[in-house]
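Hi everyone, thanks for coming. Let me walk you through one model today, going from the whole chain down to a hairpin and a sheet.

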Amino acid sequence: MESLTSGTLAGTGSFRCEICGHVVEMTTADVLPPCPGCDGASFTRASLFAGTGRFKRTEPDAQTVSDVDALDAARAAIDSPGRYLIFHDSGEVRSVAMPGESMRIGRSLSAHVRFEDPTVSRRHAVLVSEADGIRLLDDRSLNGVFVNGERIVSRVLADGDEIVIGRYRLRFADLSALPAGSAGAALAAE
């Protein structure tokens, strides 16, 4: 297929970023914008009959040591038992406890964990409490859900699993079996 670059008169249709797979819809003859998913400038006209290129995932930049340290420090600061998602958002580290039997993640106003980002679907993923643990489900998202680098549809999470949703990297922390105040002791044992 012919590759298009930024500044090319695109026309009407769908165009897929060759780097991250994000789809840009054009309704008139217009100039292609930079990719909202990765700021890339190389597009291919999207086709329903093309291969599964949109499911190819390029490895994002590795997290720096300070990012990992910040996530570990946030985990150590949690003092009540429960299940948490820990992630960077707007320059700060957030810890969000699972509010009950389920937790919605996406761009929707009804999501428990809400990301204002075009790489995140309105209803991107759901965490559900089951007898064997917490299950992460892809809620028919466009860009997919990844656990420890592997695209998933459904997976039971383990403590410390890394979840990638759009541009966001989240760490799952299962502190439900620990007595209150011993989250820091669990880190020291690791």
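**A walk through the strands**

Let me begin with a pair of strands: strand 7 (residues 102-106) and strand 8 run parallel to each other, joined by 2 bridges. Strands here count as paired if DSSP finds at least two bridges between them. Within that pair, Gly106 sits opposite Arg114 of strand 8.

A word on the source: this is a predicted model, where local features need pLDDT of at least 70 and side-chain atom pairs pLDDT 80 or more, while totals for chains, interfaces and linings use all residues. Residues are numbered from 1 along each chain as its sequence is written, and side-chain values use heavy atoms, leaving out hydrogens and water.

Now, which sheet do these two strands belong to? It is an open sheet of 5 strands, in the order 8-7-9-10-13, with mixed pairing. Strand 8 (113-114) and strand 13 (154-156) are at the edges with a single partner strand each, so one side of each has no neighbour in the sheet.

Next, have a look at the hairpin formed by strand 5 and strand 6, with 2 residues between them. Ser90, in the turn, has a positive phi of about 55°. Strand 5 (residues 83-89) and strand 6 (residues 92-97) are antiparallel, with 6 bridges joining them, and His88 faces Val93 in strand 6.

Stepping back, the protein chain has 2 helices and 15 strands; these are DSSP runs, H or I of at least four residues for helices and E of at least two for strands, numbered from the N terminus. Of its 190 residues, 39% are buried, meaning under 20% relative accessible area with a 1.4 Å probe, protein chains only.

Methods. Buried means under 20% relative accessible area, exposed over 50%, partly exposed in between (1.4 Å probe, protein chains only).
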